[in-house]
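Please look through the sequence and the model below before reading on.

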Amino acid sequence: MSVNVNCVGGDTHNVFVYGSLLADEVVHTLLKRLPPTAPAILHDYQRFKIKGRVYPAILPVHNNKVNGRVLLGLSGVELHILDEFEDDEYTRTDVEVFLADKSEKLQVYAYVWANRNDPNLYSEWDFEEWKQVHMNDFVKMTNGFMQELESPESKPRVQTYEAFYNEENDKPLQP
């Protein structure tokens, strides 16, 4: 299968992911498939924990880097689903990543935390810890988000997240 690697102006889009979308289970729940991926590094950004959330944020921070992967060959509909999932907490941004397995650079989209001065950002978010502690519940929340998205009067993802973690599970938002 040949994948068009142009993220702007082409038929397909590529998105750098660094948090919950590193989990195949979350991606499959959203897109109903697992697109091709490539390990990648985003330079001059840092990944943070967010107080009250189980997912991370990234912001530009000189001399830092974020390891993640690129979802390759996404359709316009799939990109729209990710836009809805990331909601208004993030801004879809053009960035350049370094593909770890091919030693080349690629222009892609990344979802960057919208509030650059957010006092709720702290320390480094850890994917392995998230997988063990939060992934199963997050997949359930994501499934609820997709059901909401397909309904005529859908709620934004942040409302779905807050309802799931506060009311349905009676679990704290912070580990």
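## Terms and basis

A salt bridge is a side-chain nitrogen of Lys or Arg within 4 Å of a carboxyl oxygen of Asp or Glu. This is a predicted model, in which local features need pLDDT of at least 70 and side-chain atom pairs count only at pLDDT 80 or more, while totals for chains, interfaces and linings use all residues. Residues are numbered from 1 along each chain as its sequence is written, and side-chain values use heavy atoms, with hydrogens and water left out.

## Salt bridges

A search of the whole structure finds seven salt bridges. In one of them, the side chains of Arg69 and Asp24 meet at 2.9 Å, N to O. Arg69 lies in strand β3 and Asp24 in helix α1, so the pair ties together parts that are 45 residues apart in sequence. Here helices (H or I, at least four residues) and strands (E, at least two) are DSSP runs, numbered from the N terminus. Arg69 is buried, with a relative accessible area of 12%, whereas Asp24 is partly exposed at 37%; buried means under 20% relative accessible area, exposed over 50%, and partly exposed in between (1.4 Å probe, protein chains only).

Another salt bridge joins the side chains of Lys105 and Glu96 at 3.9 Å, N to O; Lys105 is exposed, with a relative accessible area of 58%, and Glu96 is partly exposed, with 41%. The side chains of Lys131 and Glu128 also meet in a salt bridge, at 3.8 Å, N to O. Both of these residues lie in helix α3, three residues apart, about one turn of the helix, and both count as partly exposed, Lys131 at 35% relative accessibility and Glu128 at 46%.

## The chain as a whole

The chain has five helices and six strands, which run β-α-β-β-α-β-β-β-α-α-α from the N terminus on. Of its 175 residues, 49% are buried. Among contacts (heavy atoms within 4.5 Å) with a separation of 6 or more, 70% are between residues 24 or more positions apart.

Helix α1 spans residues 24-31, and Val26, Val27, Thr29, Leu30 and Leu31 in it are buried. Their cover includes β3 (57-74), α2 (76-86), α3 (127-133) and α4 (135-149). After α1 comes Lys32, whose phi is positive, near 65 degrees.

In soluble globular proteins, nonpolar side chains tend to be buried together. A nonpolar core is a set of buried Ala, Val, Leu, Ile, Met, Phe, Trp, Tyr and Cys residues joined through side-chain atoms within 4.5 Å. The largest one here has 54 residues, of which Phe16, Leu30, Val70, Val97, Trp130 and Phe138 touch the most other members. Strand β3 gives the largest share of this core, eight residues. Leaving aside residues up to four places away in sequence, Val97 touches residues including Phe16, Ile41, Val70 and Leu106.

Which side chain of opposite charge is nearest to Asp118? Asp118, in the loop between β5 (104-113) and β6 (121-122), is buried yet has no salt bridge, and the nearest such side chain, Arg53, is 8.1 Å away. For charge, Lys and Arg count as positive and Asp and Glu as negative, while His and the chain ends are not counted. The side chain of Asp118 does reach the backbone nitrogen of Asn120, at 2.7 Å.

Technical notes
Polar contact = N/O pair within 3.5 Å; in protein donor to acceptor, adjacent residues only side chain to side chain.
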